[in-house]
Amino acid sequence: MKKIYYSAWILLLTVFGFAQLPQGMTFQAVIYSDDNQLMPDSAIGVRFSILQGEELIYAERHQPTTNSNGHIALIIGTATVELGSYSDIPWEKGNMRLKRECDVKGGTDYKIM
C-alpha cells in the first residue's frame with residue numbers, strides 16, 4: 001500500500017512540477033458587420049485586453065482576414081503587443097477578464113465584441 005501511495009505522490013509532483021501555463025489561448029469567432037451581415041473574406045482589426053479587476057495587464061492586436069464563412073481563429077499571446085508581456089501575466093493572482101474588441105473595417109476603431 002505504501003508503494004502505491006508513494007508512486008501516486010511522485011506522479012503528482014511530476015505532473016505539476018513540469019506543468020506550464022500555455023503560451024497562448026485559442027479564440028474563434030464568426031464576424032458580423034454593424035448591420036448584422038456576415039463578413040466573408042474581410043480584413044478586420046481585433047484587439048484583446050486582459051484585465052485584473054479594472055487594471056489593464058496586457059493588450060495585443062491582430063489584423064486577420066475572415067474566411068468564406070466569416071470565421072476567424074486566432075491565438076491570444078502571439079500578435080502585436082500594445083501593453084505588457086503575455087508570459088508575465090500574473091495568472092496566479094486571481095481572476096482575469098478577457099476584453100474582446102473588433103473593427104470590422106480593418107482599422108483600430110474598436111468596438112466591444
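The side chains of Glu101 and Arg47 meet in a salt bridge, with N and O 2.9 Å apart, where a salt bridge is a side-chain nitrogen of Lys or Arg within 4 Å of a carboxyl oxygen of Asp or Glu. This pair links distant parts of the chain, since Glu101 belongs to strand 6 and Arg47 to strand 2, 54 residues apart; strands here are DSSP runs of E with at least two residues, numbered from the N terminus. The model is predicted, so local features need pLDDT of at least 70 and side-chain atom pairs count only at pLDDT 80 or more, while totals for chains, interfaces and linings use all residues. Residues are numbered from 1 along each chain as its sequence is written, and side-chain values use heavy atoms, with hydrogens and water left out.

**Salt bridges**

- By the rule given above, the count comes to five salt bridges.
- Arg61 and Glu82 form one of them, with 3.4 Å from N to O, and this pair links distant parts of the chain, as Arg61 is in strand 3 (residues 55-62) and Glu82 in strand 5 (residues 80-83), 21 residues apart.
- Arg47, Arg61, Glu82 and Glu101 are linked in a network of salt bridges.
- Asp34 forms a salt bridge with Lys111, in which the closest N and O atoms are 3.4 Å apart.
- Because Asp34 lies in the loop between strand 1 and strand 2 (45-52) and Lys111 lies in strand 7, this pair ties together parts that are 77 residues apart in sequence.

**Exposure of the paired residues**

- Glu101 counts as buried at 7% relative accessibility, and the classes are set so that buried means under 20% relative accessible area, exposed over 50%, and partly exposed in between (1.4 Å probe, protein chains only).
- Asp34 is exposed, with a relative accessible area of 57%, whereas Lys111 is partly exposed at 45%.

**The largest pocket**

- About 270 Å³ of space lies in the largest pocket, a pocket being an open set of points on a 1 Å grid where a 1.4 Å probe fits, with protein on both sides within 12 Å along at least five of seven lines.
- The lining, made of residues with an atom within 4 Å of a point, has 13 residues, of which Tyr32, Asp34, Cys102, Val104 and Lys111 lie nearest the centre of the pocket.
- Strand 1 (25-30), strand 6 (97-103) and strand 7 (111-112) each supply at least two residues of this lining.
- By class, the lining has eight nonpolar, no polar and five charged residues, with Ala, Val, Leu, Ile, Met, Phe, Trp, Tyr, Cys and Pro counted as nonpolar, Asp, Glu, Lys and Arg as charged, and the others, Gly among them, as polar.

Notes:
Grid points are joined across faces, edges and corners, and a volume is the space filled by probe spheres set on the points. Helices (H or I, at least four residues) and strands (E, at least two) are DSSP runs, numbered from the N terminus.
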